[in-house]
Amino acid sequence: MTTAVSEKRVATLRGEANPRIQIAGEGPPVVYLHGAMGLVWDGFLDSLSQEHTVYAPEHPGTTPGDPDGIKAVDDLWDLVLHYYDLFDQLGLESPAIVGHSFGGMVAAEIAATNPDRASKLVLISPVGLWRDDVPVAQFLTMSPSEVAEIAFFDPKGPVAEQVMAVPEDPEAAVETALRTTWSQACTGKFMWPLPEKGLRKRLYRIKAPTLIVWGNQDRLVPPAYAEEFADRIANSRVQKFDKAAHLPQLEQLEAVSKTVREFLAG
Amino acid sequence: MQVSMFHLMPHRELPDDFEQRYSSVWVDPPWWELADARRVGQYYNWTLDELTYAAKMGLDGVCVNEHHQNAYGFMPGPNLMGAALARATNDLNTAIVQMGSTLPTTNPPIRVAEEYAMLDCISGGRLVAGMPLGSPMDANQVYGITPIEQRERYYEAHDLILKAWQSREMFAWNGKYQQLGKVNLWPRPIQQPYPPVWVPGTGSYSTWEFSARHDHCYCYLSYFGAQAALQVMNGFWSFVEDYGLKKNPYRAGFLQLVAVSETDERAELDYAEHVKYFYNKCLHIPPHYFGPPGHQDYRSLEKGIRSGFANKMQEELGRLKQYSYRDFVDNQFVIAGSPATVREQLRQAAKDLRVGNLMVLLHIGSMPHHLTIKNISMFATEVLPYLRDLWDDEGWENEWFPERLRMIRQPAAAGS
C-alpha cells in the first residue's frame, strides 16, 4: 500500500460517540461508508484517494478498542444524526458519499433524510430494500464459508482469499475475529432480522446524482435490486459488472474504480 | 435437596438418517417431511402424562421450557403446558417450574407477569418463575430479536415484571424497549412479594452477576454432564463468595440426564439408543447457530475467542457424534445404571457441584412412553429417597422454592 492514511477521532451525539475516521489523499472530499465486516483500507480506497480526500469513518462500535460506541446509537434515526454530526466535525457541508452494502444503505438514508448533505452518491451493492421473489440473503445468520460462497464471484479466488484471510500471528488472528464479529454485531443492530427499514419510502427525496454499482453474480444482494434503487432515485444510473459478486469494487477493482472516479469527476 | 423432573418434549421418532439428511434440528428442519400433527399431539399428551406421573411419584417439581421451530424440544408456549400441569397436580405438593417464558421475545413482557401470576393462582402458590434469556436460535433467528439488544431487552423485561407483580399503585413504564401507560396487573401471584425466580444460564459471568444482584437462583443448564460442570460451578461459588452472599446450595440449580434400570447392563440395553439419539439428532445444530454476531456481549465474545472456547465447543459438538453409550456414561453426560450406581453418582455430583435444586431429565430423546414411565418410577422409588437429605446437615432453607412446599418432605413413593 502506497497511500499514507492518517486517523482522526471526532465527537458526535453530544460526545457519546467517538468515531475514528481514516483519511487519505487530496482533492474534493469523498466520504466512504463501509459494510458489515468493518473498515479495511483497500485498493479501491487507494484508487479514490488519488483524486480525492477520502474520509472513511468506522461505524459506531466497530473501532477496535471502542466496542461500547454502539451504545450511543439506538436506531437508524440516531445513526443518521450521528453522521450529520460527523460531517459537521469534519467541516464537510455536502461531500460525495460512497457506500458499500450496509454502508450503501446508510449513505442513501443520509442523502434522503437531508438531501443537501450529499453532493453525489455512489451506492455499491447496497442493502436497504426487500423483494419477496429475490430475497436478500440472511448473511448475519450464515457461517463465514456460506457467506463467501455467495459474496464472491470466485470464492476460491485471490480476492476472496485476501478478504477472508486469517492472520498467522495468533494475536492478530484473535483481533481479526473480534473485529469482524463485532462489526457485524454493531451494523446488525440496523439490519436485524432483515435489512429493510423503510428506505423505499425515503429514496424519492434524494437530490444527489447517484451511481448504482452492482456485480452481476451477486447472490448476497441480487442485482435485481439495482433497478429497485434506480426506479426510486430521480437522477440515477446503474452500472453492472461481470465476474463480480457482492464486492465488485475489489473483484473488478480497475473497472469499478475508473467508473466511480469518472462519475465523481463529472 | 429438591429434585424436579425436566422435560423437553422432543420429537421421538426422527428418521435414522436425520443428521445426514438435514443440516439442523433447529430453525430449519422441514415440518412437512418430519412430523405429523396427530402424532405430535400424542407427544404432548405423553409429555403431560409423564410429568404428572413424576409429580404423583413424589418428585418435588415438574419443569417445562420454551423453544421454537425445532425437533429438539418444541413447547413454544410453556405456560400452556404449565397450566395443564398446575391443574393436574392440585392435590399434590409439586412445584410448577417454568424454565420458562423467554423474556426478550414475549411482548409486552407483562404477558409473562400475567401468565405466571395465573399459574401461581391456579396452582395455589406452587410456581417457580424461570426467566430465560432465550437461545440465539429461538430469540434471534426465529423471533427476530436483534442480537446486540437481547440482553438489554431481558434486563428491562425482568425489571418490569418484578415491578408489575409488586407495585401497589398503577404505574407508567417508560422503558427503552417498552412503553406502557397503565400497568396494573391482574391477576397478581399468591406468593409474596413474588414467586421464586430461577435464571437459567450456560456459565456466563454476566448471568452470575445478574442472578446475584437480584438474589435469584442460578441454574446451570448443560448437556455435558456433572464432570464438565464442575469447573463452571466452582467458578460460580467462588463468585458468590466474592460477591458477599451465603453459599446456600439452594442458590444453584443444575440439570442432569438420568436413566435408571435394574442393573448397569440392563440400563445400557434400555437406554443406549435413546441417549445416542439425543446427542446425535436432538443436538444436531450447526455451531454458528449458537453465535450470531452480538448475541454475546463484547467481553464474553473476547473471552470466548481468546480462550479458544468457541473452537473447543465446536470440536466438542463434533466429537459427540463419535461417542458410544459408554463414553456418555463414563463422562457422566448421562448418569445411568442400576439404582445403586445412579444413587451414588448423582449424590456425589450434586455434592461436588453444591447444588440444592436438582433437575433431572428423565425423558431422553426417542425414549418411548412406557420406558419413560419405568425410568420415572425407578428414579422416584429407588434413587430420590437417597438424595433428599443431602444438605440437611448444613441447615439451609431453600429460599428459592415456593414457600408452602419448602418444609414438606415428600413421602417416599409407593413401592420403595
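## Strand β2 of chain A

In this predicted model, E7(A) stands opposite Q22(A) in β2(A). That contact belongs to the antiparallel pairing of strand β1 (residues 6-9) of chain A with β2(A), which runs over four bridges. Strands here are DSSP runs of E with at least two residues, helices are runs of H or I with at least four, and both are numbered from the N terminus; two strands pair if DSSP finds at least two bridges between them. β2(A) also pairs with strand β4 (residues 53-57) of chain A, again antiparallel and over four bridges, and there I21(A) stands opposite P57(A).

So how buried is β2(A) (residues 20-24)? Five of its five residues are buried, so the strand is largely enclosed by the rest of the structure. Buried means under 20% relative accessible area, exposed over 50%, and partly exposed in between (1.4 Å probe, protein chains only). Both faces are covered, with R20(A), Q22(A) and A24(A) on one side and I21(A) and I23(A) on the other.

## The second largest pocket

This pocket has a volume of about 390 Å³. Of its 20 lining residues, K71(A), I148(B), R151(B), E152(B) and D297(B) are the closest to its centre.

A pocket is an open set of points on a 1 Å grid over the protein atoms alone, where a 1.4 Å probe fits, with protein on both sides within 12 Å along at least five of seven lines; lining residues have an atom within 4 Å of a point. Points are joined across faces, edges and corners, and the volume is the space filled by probe spheres set on them.

## Ground rules

Residues are numbered from 1 along each chain as its sequence is written, and chains are lettered from A in the order in which they are written. Local features need pLDDT of at least 70, side-chain atom pairs count only at pLDDT 80 or more, and totals for chains, interfaces and linings use all residues, while side-chain values use heavy atoms, leaving out hydrogens and water.
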